Amino acid sequence: MTVFFQFDHADSFIAAAVGRPGSRTFYVQVRSDDHRVVVKCEKQQVAVLAEHLRTQLAALPPVHLRPTAPAPLVEPVQAAFVLGQIGLAFDSEADRFIVQMDEMLLEDDTGEPGSVRVLLEPGQVEAFCEQVDLLMASGRPTCPFCAGPIDPDGHPCPRMN
């Protein structure tokens, strides 16, 4: 079933993780008034989305950003779909970022993928990027020898055998 959600004025655009580091599930949640959509994604997708948004934000002329505090993840978390492709653009006339998240389709899926399109103010993008930085930093520490993640139960480092 194809689903399409359009948020012209999102109240909240956040990334969140549920679970303990090493076994977390990542989500992007969009809210506006009484509407809420959750998209399940990979940690790397969230990090790359923030990286590209930050790059586009830096390309804009310097302006005073209206601070936007990210809201917490609203539960229960029920993903509309699993994230596949992400599209980014900037509408200079509306001074809004456009983020489009498309559903990942499996080989045997037929039909069109689900999609979420969100228009965001620069302040919302800045807040999202800062929130993703905190989210990434809250994960497992990195091994100084192999750069792999260190689990709470230990780490079999290939460079220290």
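At 17% relative accessibility, Arg-96 counts as buried (buried means under 20% relative accessible area, exposed over 50%, and partly exposed in between, with a 1.4 Å probe and protein chains only). The side chain of Arg-96 meets that of Glu-121 in a salt bridge, at 3.5 Å from N to O. The model is a predicted one: local features need pLDDT of at least 70, side-chain atom pairs count only at pLDDT 80 or more, and totals for chains, interfaces and linings use all residues. Residues are numbered from 1 along each chain as its sequence is written, and side-chain values use heavy atoms, with hydrogens and water left out.

**Sheet**

- Seven strands form an open sheet in the order β1-β7-β6-β5-β4-β3-β2, and the pairing is mixed.
- The edge strands, each pairing on one side only, are β1 (4–7) and β2 (12–18).
- From one strand to the next, the twist averages 25°.
- Strands (E, at least two residues) and helices (H or I, at least four residues) are DSSP runs numbered from the N terminus, and two strands pair if DSSP finds at least two bridges between them.
- Strands β6 (residues 96–103) and β7 (residues 115–120) run antiparallel and are joined by six bridges.
- Within that pairing, Val-99 has Val-118 in β7 as its bridge partner.

- Seven bridges connect β2 and β3 in the antiparallel sense, and Ser-12 stands opposite Arg-31 in β3.
- The hairpin of β2 and β3 has six residues between the strands, and Gly-19 in the turn has a positive phi of about 115°.
- β3 and β4 also run antiparallel, joined by seven bridges, with Ser-32 opposite His-35 in β4.
- In the hairpin of β3 and β4, two residues lie between the strands, and Asp-33 in the turn has a positive phi of about 55°.

**Helices across the sheet**

- Helix α1 (residues 43–58) lies across β2, β3 (25–32), β4 (35–41), β5 (81–91) and β6, and runs at about 0° to β5.
- Helix α2 (residues 122–137) lies across β2, β3, β6 and β7, and runs at about 10° to β2.
- For these angles, axes are lines fitted to C-alpha atoms, for helices over the stretch in contact, and angles run from 0 to 180 degrees between N-to-C directions.
- Leu-57 has its place in helix α1 and is buried, with a relative accessible area of 12%.
- Beyond its neighbours within four places in sequence, Leu-57 is in contact with Phe-97, Pro-122, Val-125 and Glu-126 (contact means heavy atoms within 4.5 Å).
- Leu-57 and Val-46 are eleven residues apart along the chain, and their C-alpha atoms are separated by 16 Å.

**Salt bridges**

- The whole structure contains three salt bridges, each defined as a side-chain nitrogen of Lys or Arg within 4 Å of a carboxyl oxygen of Asp or Glu.
- One of them joins the side chains of Arg-54 and Asp-133, at 2.8 Å from N to O.
- Arg-54 lies in helix α1 and Asp-133 in helix α2, so this pair ties together parts that are 79 residues apart in sequence.
- Arg-54 counts as partly exposed at 34% relative accessibility, and Asp-133 counts as partly exposed at 39%.
- The pair of Arg-96 and Glu-121 links distant parts of the chain, with Arg-96 in strand β6 and Glu-121 in the loop between β7 and α2, 25 residues apart.
- Asp-151 and Arg-140 meet through their side chains at 2.6 Å, N to O; both lie in the segment after α2, eleven residues apart.
- Asp-151 is partly exposed, with a relative accessible area of 32%, and Arg-140 counts as partly exposed at 29%.

**Cysteines**

- A disulfide is taken as a pair of cysteine sulfur atoms within 2.5 Å, and by this rule the count comes to zero.
- Cys-129 is in no disulfide, and the nearest cysteine sulfur, in Cys-41, is 14 Å away.
- Cys-129 is buried, with a relative accessible area of 1%.
- The sulfur of Cys-157 is 3.8 Å from the closest cysteine sulfur, that of Cys-143, which is too far for a bond.
- Cys-157 counts as buried, at 10% relative accessibility.
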